[in-house]
Amino acid sequence: MLSRRTLLTAVAALGLAHPAVAQDYPTRPIKLVVPFGAGTTADIVARVFGEGIARQMGQPVVVENRAGAGGNIGVDMVARDSADGYTILLGTVGTHAINPTLYRKLTTNALKDFAPIGFAGSTPTLLIVSANSPYKTLKDLRNAASAGKRLSFASAGNGTSGHLAGELLKVRLGGDMVHVPYKEGATALNDVIAGQVDFMFYHPVAALPHIRANKLRALGASTARRTSIAPDVPTLQEQGMENFDLMAWMMLYAPAKTPPAVLAKLRAATSKAVMTEGTRAKLVALGLEVPPMDEGQLVQFSKSEIEKWSEIVKLSGAHID
């Protein structure tokens with residue numbers, strides 16, 4: 001039988017285990033899971049943050065792509081992994097705001113199963129048409145819809161932010177509009193340029209080179225205020241489209257049960273990484289804005305985004321079993 005002193009010593013050792021681990025953390029490489037393929041915007045952003053966090057933490061950050069099921073495969077993997085700070089996730093508006101309503105069967109909860117580490121950037125989407133399109137303004141598109149013209153809009157796939165932005169525009173403008181989903185955005189963009197599809201919502205960094213080459217025309221931006229990467233493009237709200245404020249965004253997450261001290265180190269490293277000139281320059285080049293947010297603001301932002309996109313998913317009627 002253990003003596004009283006031995007028992008107390010054992011209990012004290014157990015109580016100190018987590019603080020000791022947190023104090024030493026990290027002692028080995030950190031895995032950053034991207035729930036999309038290599039070369040995607042999420043993948044590029046993850047590698048930018050990975051480099052920045054690695055410099056702050058003194059350990060390599062290894063990016064691992066786990067694509068599939070709209071990002072749910074990678075998300076599920078991180079949720080099930082050890083909550084020790086050595087596996088983190090780059091989540092997106094898709095995985096953590098749209099999918100909770102779009103997918104009828106999910107094994108994870110975006111709010112309960114993940115703890116936010118830091119905001120990784122946001123960007124509006126631009127409402128774009130071919131440079132040869134008869135629609136030169138949002139008013140032209142509205143008039144066509146009112147006149148009964150059947151319009152088509154492309155997206156990078158069902159349930160993407162571009163798809164749902166198109167569905168919201170369809171509701172606001174009325175008329176007859178058909179969604180044309182593609183397997184990826186580049187092909188959809190090419191068909192808009194060719195005039196095969198009337199319009200789409202797409203990221204500025206991908207659309208701007210074609211706009212400057214006079215292959216595309218931007219009719220508006222999807223956020224409440226203009227984007228710094230395309231300041232000459234008026235917002236849809238400026239043009240009379242009330243309460244149209246949609247952005248694509250990314251956020252770093254850890255499993256919810258990660259020790260608070262470890263989360264604090266990850267958050268501090270992420271915050272410092274964003275402030276470095278090199279990291280910020282790379283994010284700006286991608287058309288991303290990274291406003292500072294503390295833990296409380298990150299949680300509140302996540303809740304409000306889920307509520308906003310839930311309404312749009314329901315409006316669209318889209319769902320995946």
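Colleague: Which residue stands opposite Gly 220 in β9?

Modeller: That's Leu 127. Keep in mind that this is a predicted model.

Colleague: What makes β5 and β9 a pair?

Modeller: Two strands need at least two bridges between them to pair. Strand β5 (residues 126–130) and β9 have 5 bridges, so by that cut-off they count as paired. The two strands run antiparallel.

Colleague: Why is β9 called largely enclosed?

Modeller: Buried means under 20% relative accessible area. In strand β9 (residues 216–221), 5 of the 6 residues are buried, so the rest of the structure largely encloses the strand.

Colleague: And why is β4 called largely enclosed?

Modeller: Go by the count again: 11 of the 11 residues of strand β4 (residues 114–124) are buried, so β4 is largely enclosed by the rest of the structure.

Colleague: How do you know that β4 and β10 pair?

Modeller: At least two bridges are required, and β4 and β10 share 9 bridges in the antiparallel sense. They therefore pair by that rule. If you want a spot to look at, Gly 121 has Met 250 in β10 as its bridge partner.

Colleague: What makes the largest cavity a cavity?

Modeller: A 1.4 Å probe fits in a cavity but cannot get out. The space in this one comes to about 60 Å³. Its lining includes Asn 72, Val 75, His 96, Leu 106 and Phe 114. Both α3 (72–80) and α4 (93–102) supply at least two lining residues, and α4 gives the largest share, with 4 residues.

Colleague: How many cavities of 30 Å³ or more does a search of the whole structure find?

Modeller: The search finds 2. Two or more of its lining residues come from each of α6 (161–173) and β10 (247–255). By class, the lining of the second largest cavity has 5 nonpolar, 3 polar and no charged residues.

Colleague: What makes the largest pocket a pocket rather than a cavity?

Modeller: A pocket is an open set of points, whereas a probe cannot get out of a cavity. The largest pocket has a volume of about 1,100 Å³. It is lined by 48 residues, and Phe 36, Thr 40, Ala 156, Thr 160 and His 203 lie nearest its centre. Elements that give two or more residues to its lining include α2 (41–57), α7 (185–193), β8 (199–202) and α8 (204–212). The largest share, 5 residues, comes from α4. The lining of the largest pocket splits into 25 nonpolar, 21 polar and 2 charged residues.

Colleague: Which domains does the lining of the largest pocket draw at least three residues from?

Modeller: Domain 1 (30–122 + 248–316) and domain 2 (126–239).

Colleague: How many helices and strands does the protein chain have?

Modeller: The chain has 11 helices and 10 strands. Of its 321 residues, 49% are buried. The C-alpha trace spans about 90 × 40 × 30 Å along its principal axes.

Notes. Residues are numbered from 1 along each chain as its sequence is written. This is a predicted model: local features need pLDDT of at least 70, side-chain atom pairs count only at pLDDT 80 or more; totals for chains, interfaces and linings use all residues. Side-chain values use heavy atoms; hydrogens and water are left out. On a 1 Å grid over the protein atoms alone, a cavity is a set of points where a 1.4 Å probe fits but cannot get out, and a pocket is an open set with protein on both sides within 12 Å along at least five of seven lines; lining residues have an atom within 4 Å of a point. Grid points are joined across faces, edges and corners, and a volume is the space filled by probe spheres set on the points. Ala, Val, Leu, Ile, Met, Phe, Trp, Tyr, Cys and Pro count as nonpolar, Asp, Glu, Lys and Arg as charged, and the others, Gly among them, as polar. Buried means under 20% relative accessible area, exposed over 50%, partly exposed in between (1.4 Å probe, protein chains only). Domain bounds come from an automatic or database domain assignment.
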